[in-house]
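Subject: Structure handover

Hello,

Please find the structure below, with notes on what was found in it. Could you read them alongside the model?

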Amino acid sequence: MIAAIRSGPGVVGMLLTALPLLVVLPAAANDWLLMSREGECNEIAPVLRHRFGEFAPVRTPEAFVEALRARGIDARATPVNGAPGVVMVEAPSENLTLIFAQRSHCRAFGKPRR
């Protein structure tokens with residue numbers, strides 16, 4: 001349960017804190033996304049689900065590398081020169097190269113291709 005609403009004493013306040021809430025917090029500038037060639041970025045989970053099926057939650061390039069290695073796939077993460085907050089992840093045996101970028105590097109935020 002995430003309680004993100006704070007209110008004073010009272011029935012409404014007690015009711016709101018007793019209910020499970022789904023809170024969508026504003027994305028931080030240092031959140032990791034996947035970047036396309038055109039500079040548009042997408043959430044990580046839908047893209048990985050499309051490529052790999054069910055996949056453990058991944059929030060960083062390093063976590064993705066570890067998840068691939070846990071599946072027996074050789075992978076490496078390399079920071080992109082001249083762009084702090086941009087990391088290239090490669091898994092040659094899967095013919096896979098993904099660019100992870102912090103939100104501040106993204107030109108646009110779009111929906112992943114289906």
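Some terms come up throughout, starting with accessibility. A residue is called buried under 20% relative accessible area, exposed over 50%, and partly exposed in between (1.4 Å probe, protein chains only). The areas come from the Shrake-Rupley method with a 1.4 Å probe, and for residues only the protein chains shown count as cover.

This is a predicted model, in which local features need pLDDT of at least 70 and side-chain atom pairs count only at pLDDT 80 or more, while totals for chains, interfaces and linings use all residues. Residues are numbered from 1 along each chain as its sequence is written, and side-chain values use heavy atoms, with hydrogens and water left out.

Overall layout

The chain has three helices and six strands, and along the sequence they follow the pattern α-β-β-α-α-β-β-β-β. Helices (H or I, at least four residues) and strands (E, at least two) are DSSP runs, numbered from the N terminus. Of the 114 residues in the chain, 28% are buried. The chain exposes about 8,100 Å², and carbon and sulfur atoms supply 57% of that area. A contact here means heavy atoms within 4.5 Å. Among contacts in the chain with a separation of 6 or more, residues 24 or more positions apart account for 43%.

The disulfide

A disulfide is counted when a pair of cysteine sulfur atoms lies within 2.5 Å. The structure holds one. It joins cysteine 41 and cysteine 106, with the sulfur atoms 1.9 Å apart. Cysteine 41 lies in strand β2 and cysteine 106 in the loop between β5 and β6, so the pair ties together parts that are 65 residues apart in sequence. The angle about the S-S bond is -90°, which makes the link of cysteine 41 and cysteine 106 left-handed. Cysteine 41 and cysteine 106 are both buried.

Salt bridges

Side chains of opposite charge can pair when their charged atoms come close. The cut-off used for a salt bridge is a side-chain nitrogen of Lys or Arg within 4 Å of a carboxyl oxygen of Asp or Glu. A search of the whole structure finds three.

One of them is between arginine 103 and glutamate 43, whose closest N and O atoms are 3.8 Å apart. This pair links distant parts of the chain, 60 residues apart: arginine 103 is in the loop between β5 (96-102) and β6 (108-109), and glutamate 43 is in the loop between β2 (40-42) and α2 (44-52). Arginine 103 counts as partly exposed because its relative accessibility is 23%. Glutamate 43, at 38%, is also partly exposed.

Another joins glutamate 90 and arginine 76, with the closest N and O atoms 3.4 Å apart. Here glutamate 90 sits in strand β4 (residues 86-91) and arginine 76 in strand β3 (residues 76-79), 14 residues apart. Arginine 76 is partly exposed at 38% relative accessible area.

The remaining bridge to describe is between glutamate 66 and arginine 69, at 3.4 Å from N to O. Both residues lie in helix α3 (residues 61-70), three residues apart, or about one turn of the helix. Glutamate 66 is partly exposed at 48% relative accessibility, and arginine 69 is partly exposed at 42%.

Helix α3

Which residues of α3 are buried? They are Pro61, Phe64, Val65, Ala67 and Leu68. Seen down the axis of α3, they fall within an arc of 160°, so they line one face of the helix. The arc is that of the directions from the helix axis to the C-beta atoms. These buried residues pack against β1 (32-35), α2, β3, β4 and β5. Just after α3, glycine 72 takes a positive phi of about 85°.

Two strands are taken to pair if DSSP finds at least two bridges between them. β3 and β4 pair in the antiparallel sense over four bridges. Proline 79 has valine 87 in β4 as its bridge partner. The hairpin has six residues between the strands, and glycine 82 in this hairpin has a positive phi near 80°.

Asparagine 95 lies in the loop between β4 and β5. Its phi is near 50°, a positive value in a residue other than glycine. Asparagine 95 is exposed, with a relative accessible area of 73%.

Regards
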